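Colleague: I would like to go through the labels used for this model and hear the grounds for each.

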Amino acid sequence: MKYKEPIFLQPEYKERIWGGTKLQELFDYDIPSNQTGEAWCISGHANGSSTIKNGPLQGKTLAYAWEHHRELFSNEEGNEFPLLTKLLDSKKDLSVQVHPNDSFAREVEGENYGKTECWYVVDCEEDAEIIFGHHAADKEELIHMVNSGDWDNLLRKIKVTPGDFFYVPSGTIHAIGAGIQILETQQSSDITYRVYDYDRVDANGQQRELHLEKSLDVTSAPHHDPAFPKSRKTKEGLVEETLIEEDYFSVYKWQVTDKSEELSPSTYLLVSTIEGEGKLTIEDQSYFFKKGDHFILPSTMESYTLHGNATFIVSKSNQN
């Protein structure tokens with residue numbers, strides 16, 4: 001299929017105990033409730049595949065497009081669409097959690113992918129903070145501090161501001177704190193091991209399940225902040241900041257003012273509009289976008305031009 005246009009996608013919403021209403025307030029989404037925690041914006045995952053909004057595959061899911069029209073995705077190999085882009089609204093603290101790597105996910109969970117992810121802070125309240133890593137010197141001390149519930153001394157907290165970026169490899173203990181909205185780019189995985197949940201109870205008075213044994217198995221100790229070089233380059237009308245380039249994905253921040261030069265993608269790209277509006281022009285056709293729109297630029301597109309004033313988070317798979 002020779003798609004010559006961007007593939008716009010409809011988010012799948014997820015209600016969470018910690019969710020709120022910011023996805024509606026910030027992005028004008030038609031959220032299902034005042035506890036909406038996640039929008040799965042570009043997803044081929046079985047737990048919430050995005051629906052295509054335009055073009056020959058309108059009404060089909062991204063999972064269907066991946067299975068039947070791999071030419072749109074550089075003929076990349078793999079049984080599942082490799083990446084997942086989410087927007088999260090944490091009205092309350094998320095549980096403290098950790099994710100496995102690919103080999104653990106395959107051996108223990110029977111899943112193709114573990115979960116390495118990264119976060120771009122779209123907005124947050126003043127003094128909001130995340131948990132990122134821990135203070136244990138080694139695995140033995142980690143196990144002791146977890147089993148004794150010494151959370152205040154174990155967990156490492158960092159204050160955040162809009163525009164901050166964090167790379168969260170598998171094995172990293174982490175949690176998004178209250179009052180933060182992030183765009184997350186991750187491997188297409190829904191495996192989460194809860195380490196600690198603040199002893200919260202659900203509507204039935206039950207505490208959510210913890211996964212301490214698996215959590216301790218997969219957590220890296222001691223914690224090391226991942227080092228990754230950032231870079232910035234300017235083409236005519238387009239500023240591109242490289243946020244991360246690693247084994248699974250690369251993530252960029254694009255800022256367009258007025259008009260970009262003609263762009264030619266070397267592979268398919270996942271694009272999330274986090275600010276502004278404009279249009280994408282291909283030959284004599286225009287496709288309008290606004291804040292909160294998510295689309296894929298398929299590898300069958302030869303070139304395009306961006307017009308308007310807008311900020312995007314753009315990612316690509318590095319699995320080829």
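This is a predicted model: local features need pLDDT of at least 70, side-chain atom pairs count only at pLDDT 80 or more; totals for chains, interfaces and linings use all residues.

Colleague: Why is E241 called buried?

Modeller: E241 has a relative accessible area of 17%. Buried means under 20%, so E241 is called buried.

Colleague: What makes E241 part of a strand, and which one?

Modeller: E241 is placed in strand β15, which covers residues 238–245.

Colleague: Which residues count as contacts of E241, leaving aside its neighbours within four places in sequence?

Modeller: They are K230, S231, R232, V251, Y252 and K253. Contact means heavy atoms within 4.5 Å, and these residues meet that cut-off with E241.

Colleague: How do you know which residues line the largest pocket?

Modeller: A lining residue has an atom within 4 Å of a pocket point. For the largest pocket, of about 330 Å³, 21 residues qualify, and R16, W18, E38, Q97 and T192 are the closest to its centre. The elements that give two or more residues to this lining are β2, β5, β7 and β11.

Colleague: What is the make-up of that lining of the largest pocket?

Modeller: The lining has 10 charged, six polar and five nonpolar residues.

Colleague: And what lines the second largest pocket?

Modeller: The second largest pocket holds about 270 Å³ and is lined by 15 residues, with K235, E240, W254, P265 and L269 nearest its centre. Strand β15, where E241 has its place, is among the elements that give two or more residues to this lining, along with β14, β16 and β20. The lining divides into eight nonpolar, three polar and four charged residues.

Terms used:
Residues are numbered from 1 along each chain as its sequence is written. Side-chain values use heavy atoms; hydrogens and water are left out. Helices (H or I, at least four residues) and strands (E, at least two) are DSSP runs, numbered from the N terminus. Buried means under 20% relative accessible area, exposed over 50%, partly exposed in between (1.4 Å probe, protein chains only). On a 1 Å grid over the protein atoms alone, a cavity is a set of points where a 1.4 Å probe fits but cannot get out, and a pocket is an open set with protein on both sides within 12 Å along at least five of seven lines; lining residues have an atom within 4 Å of a point. Grid points are joined across faces, edges and corners, and a volume is the space filled by probe spheres set on the points. Ala, Val, Leu, Ile, Met, Phe, Trp, Tyr, Cys and Pro count as nonpolar, Asp, Glu, Lys and Arg as charged, and the others, Gly among them, as polar.
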